[in-house]
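Work through the exercises below with the structure open beside you. Each task is followed by a solution in steps.

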Amino acid sequence: MNRDWQATGAVIDALRVERVAKRFGAFTALDGVSLSVKKGEFLCLLGPSGCGKTTLLRIIAGLEAASDGALFMAAGDAERDVTRLPASQRDYGIVFQSYALFPNLNVAQNIAYGLKGRREDKDLRVTALLAQIGLPGIEHKYPSQLSGGQQQRVALARALATSPSLLLLDEPLSALDARVREHLRREIKSLQQKLGVTTVMVTHDQEEALTMADRIVVMNHGVIEQIGTPEEIYTRPANRFVAEFVGQSNWLAATSAGIGQVLLGDALLGATVTPPRPDGHPLELFIRPEDVQLHASWSPVEAQIVNTALAHVRKIELLGGFYRIALSVPGWGGQQLLADVVRSEFERLNLSLERMVPVSLPANRLRAFGPSTGAAA
Amino acid sequence: MIALRAGGRIAADRSQQVAAGLLWLLAAALVLGLALPLAAILGKALTGDDGRFAGLAQFAAIVGEARFWDAVSNSLAVSLTTTMIVLPLAYVFAAALTRTCMPAKPLFRALALTPLLAPSLLPGIALVYLFGNQGLLKAWFPDGSIYGFWGIVIAEVFFTFPHALMILVTALSVADARLYEAATALGAGRIRRFVTVTLPAARYGLISSALVVFTLVIVDFGAPKVIGGQYNVLAVEVYKQVIGQQNFPKGAVIGMLLLLPAVLAFVIDHLLQRRQRALLTARAQPLVVRPQAWVDVLSTVACAAIGGALLVIIATAVAAAFIRLWPYNLSLTLAHFDFDNMDGGGWAAFYNSMKMALATSVIGTLMVFGGAYLAEKTRAAPVARQLLKLLAIIPMAVPGLVLGLGYILFFNNPANPLHFLYGSMTALVLCSVMHFYTTANLTATTALKQLDAEFEAVAASLKVPFWTTLWRVTLPVCLPAMLDIARFYFVSAMCTVSAVIFIYTPDTVLASVAVLNMDDAGDTAAAAAMATLIVAASALICLVFSVASWWLSRRTQAWRIR
């Protein structure tokens, strides 16, 4: 099979996970997970704790054995089955949440730990790596003398030292404080792009996944809920779980009423309903707060916009760069609706708790899911 | 390729195969040196004189004897009384060390721990010199009444005091200042704070030290042998049955019964420790002790009194070793050290002890640390790892006397291919390594658990075999703990009597056994001299270890300084 691919010159995935399952006694940590990572890609495994993302990473690393399924890694132009290979015979570098830097070895010794060959070559490599992570000249410091962010970068340099074809990151930023974390996100991402190293990162932080990943794998209860680019995951979540886990969301109970239409309260609204449902089928409408549009005035122009109605303003909350407005629309059954409005827009709208405000829900952003079982609509 | 997938296991690389081999080797050593001898006792206890299976018949026969019940009630009386005396004393001492601004704390601490350097025979000998028939203070215990209940109790208090103290110091040194502040803010007085905050926090420490003291006393046979006179206790009963009457089945049965309190104490302690973990949270604020004149003075006086008493006992034994004829001729002499012209084994006994203690120290440390490392840090041979972990906790619950008895029954069996080991130095070393395995293993495991669990995973990802990481990272980081283990093994092996009393031969007689034998032969001054030598050797080794660990930590622990 591999030979055929070679012959046709098809690009081989850096890593391919095929129906991998992991069971601990009666508990199923992973239930037949399949995915592939392209060469040079940055893939994020995102999900709540206990969703199986770390187990999957440990199986890829060879630290756990898969109960079922297979793993393939690219080796040159061919693909090799690494399912039963010990960690030392796979080709990857790993950074753990704790960094696991050897406390009694200095930075240079830590980074050179996996390097073989002449001492001068090792020294050169260490110097080059330290320059790359932006920490030149700290060769002789011990890990305890470094800040958390510095330790994290040294751990990254150690994982990259042997130029592995795959880089695994296990919640590498979660032990750092918010500001350092944000800075390091960019650093790691740009280093990864510069080196072009295929990377799989585990995280429970959606913001981290959205900013760093080329593609995100959203996991829950040992299965994959959705695989897609950050844009796809955010704007077109495949199901209620993904929609709720990534970003803020509004949920409105409605029923289906014809193709591309839903009944919300007494009003008929246009919405994206895929797949189509029989009329009267209960639905949950999803829309991001920032996609909810408010209008400064209620004129015939606004009244022409689809999915528009008058809303009571219930609460106004300042969240830094934007305001979060709680609304209720009598014509839509009076359900609460959140809208995010940037400051400049907020000033223009001239909102207050006494006044009603026209609100519209763009039909292409209003998505309908089945009732809240978590299953895809 | 698909056929290989069955089983859900990852193939072992070469380093994992090495680890698995070592794990099985160590597990086999523990089975051989611990499990099989214990099984041999059980077998003996269940086998009649005719060599047939006797079931519990021998237990029933012994339980029917009045003599046995005398020994049981005596053992319980001595153990309970000692526990009730040691606990308050050790608590006061521990509280003074941890919760007051008493001066000279390191001195008091060192003083309180000195009994660890001596075999349990030493306080017995010292008591003979103080209160015995020719004692300086015999008026305190008229008509030789020191030979019996109170003699044993005082000797055991001396012997067990440091053990209780160490546990209580640990229990009392962790305190959450926030609880005291909350109690004070709520208007609780000194006594209410003690009852509602201090005691609950120290509860497990108190129970644990009570169990340790009780167990140590009930299985100790050194002190009652020397100072017990006609007062018969279980541990001495085993000795008499085996050495005096060569009645192995009966010795085995009593030995099995002696296991009961030890196992019971061990199980209770284990269950309690599991519950204790939740007590201290990471957010606890350390308690800062402030000087308080009357508390500090009172503590100093109490500690001086307790430390003084311990010192008097050691000093008496040491003095007796150098005094020509106590108490009639107090001139100094080295005549009592002329062991070669006395019964008991001569200087060879001392050299044997040194050899045995050194070997135990080296082999024990390597074995314990290697075992703990492989069990904690590798993923090879899961069955062997579990077996190793299980066997490692058993020695805590096995009295030395019982283990020693198991060694005779197991190794002295002509049918055993390992029969040639019987009475050899190898058997003595193996027995000592096993006897103190649990404590040493606990130290090693604790040290290893402080290391990041992912070191081995990182090393594997970098294609570095585990022994490289062991050599470059794990060993250097754990060096202080290893030195602790080595010192513990040396001192314990130097002082132990009970584990080796059944398995020495004239060629391998040991110093602690010589003390016993010389005392038995009425040569108490020589016994005191030999006991003094043991204390001196133990103290010297502790000193050497302190210097070594100071020097090594300067060389290898530089990374600990921030």
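**Exercise 1. Polar contacts between the domains**

Task: In this predicted model, state how many residue pairs are in polar contact across the interface of domain 1 and domain 2 of chain A, and describe the domain 1 side of that interface.

Solution. 
Step 1. Five residue pairs, both members at pLDDT 80 or more, are in polar contact across the interface of domain 1 of chain A and domain 2 of chain A.
Step 2. On the domain 1 side, the elements that give two or more residues are helix H8 (230-235) and helix H9 (240-245) of chain A.
Step 3. Sorted by class, the residues on this side of domain 1 are five nonpolar, two polar and three charged.

**Exercise 2. The salt bridge between the domains**

Task: Find which residues form a salt bridge across the interface of domain 1 and domain 2 of chain A.

Solution. 
Step 1. Domain 1 of chain A covers 12-244 and domain 2 covers 248-369.
Step 2. One salt bridge is found across their interface.
Step 3. A:Arg240 pairs with A:Glu284, and their closest N and O atoms are 2.5 Å apart. The cut-off is 4 Å, so this pair counts as a salt bridge.

**Exercise 3. Extent of the domain interface**

Task: Give the distance between the C-alpha centres of the two domains of chain A, the number of residues in contact and the area buried.

Solution. 
Step 1. The C-alpha centres of domain 1 and domain 2 of chain A are 40 Å apart.
Step 2. Contact involves ten residues of domain 1 and eight residues of domain 2.
Step 3. The two domains of chain A bury about 800 Å² between them, with 48% of it on carbon and sulfur atoms.
Step 4. Of the area that domain 1 buries against domain 2, 61% is supplied by A:Tyr234, A:Arg240 and A:Ala243, more than any other three residues. A:Arg240 is also the salt-bridge partner of A:Glu284.

**Exercise 4. A hairpin in chain A**

Task: Determine in which sense strands S9 and S10 of chain A pair, and what lies between them.

Solution. 
Step 1. S9(A), residues 215-220, and S10(A), residues 223-228, are antiparallel and share five bridges.
Step 2. One of the bridge pairs joins A:Asn220 to A:Val223 in S10(A).
Step 3. The two strands form a hairpin with two residues between them. In the turn, A:His221 has a positive phi of about 50 degrees.

**Exercise 5. The interface of chains A and B**

Task: Describe the interface of chain A and chain B by its contacts, buried area, salt bridges and polar pairs.

Solution. 
Step 1. Chain A brings 38 residues into contact with 31 residues of chain B.
Step 2. Together the chains bury about 3100 Å², 58% of it on carbon and sulfur atoms. A:Arg84, A:Asn104 and A:Tyr113 supply 23% of the area that chain A buries against chain B, more than any other three residues.
Step 3. There are two salt bridges between the chains. One of them links A:Asp91 and B:Lys463, at 3.6 Å from N to O.
Step 4. On the chain A side, strand S4 (68-75) and strand S6 (92-95) are the elements that give two or more residues. S4(A) has the largest share, three residues.
Step 5. By class, this side of chain A has 18 nonpolar, twelve polar and eight charged residues.

Note on methods: Residues are numbered from 1 along each chain as its sequence is written. Chains are lettered from A and ligands numbered from 1 in the order in which they are written. This is a predicted model: local features need pLDDT of at least 70, side-chain atom pairs count only at pLDDT 80 or more; totals for chains, interfaces and linings use all residues. Side-chain values use heavy atoms; hydrogens and water are left out. Domain bounds come from an automatic or database domain assignment. Contact means heavy atoms within 4.5 Å. Buried area is the accessible area (1.4 Å probe) that two parts lose on being put together, summed over both. A salt bridge is a side-chain nitrogen of Lys or Arg within 4 Å of a carboxyl oxygen of Asp or Glu. A polar contact is a pair of N or O atoms within 3.5 Å; within protein, one must be able to donate a hydrogen and the other to accept it, and residues adjacent in sequence count only if both atoms are side-chain atoms. Helices (H or I, at least four residues) and strands (E, at least two) are DSSP runs, numbered from the N terminus. Ala, Val, Leu, Ile, Met, Phe, Trp, Tyr, Cys and Pro count as nonpolar, Asp, Glu, Lys and Arg as charged, and the others, Gly among them, as polar. Two strands pair if DSSP finds at least two bridges between them.
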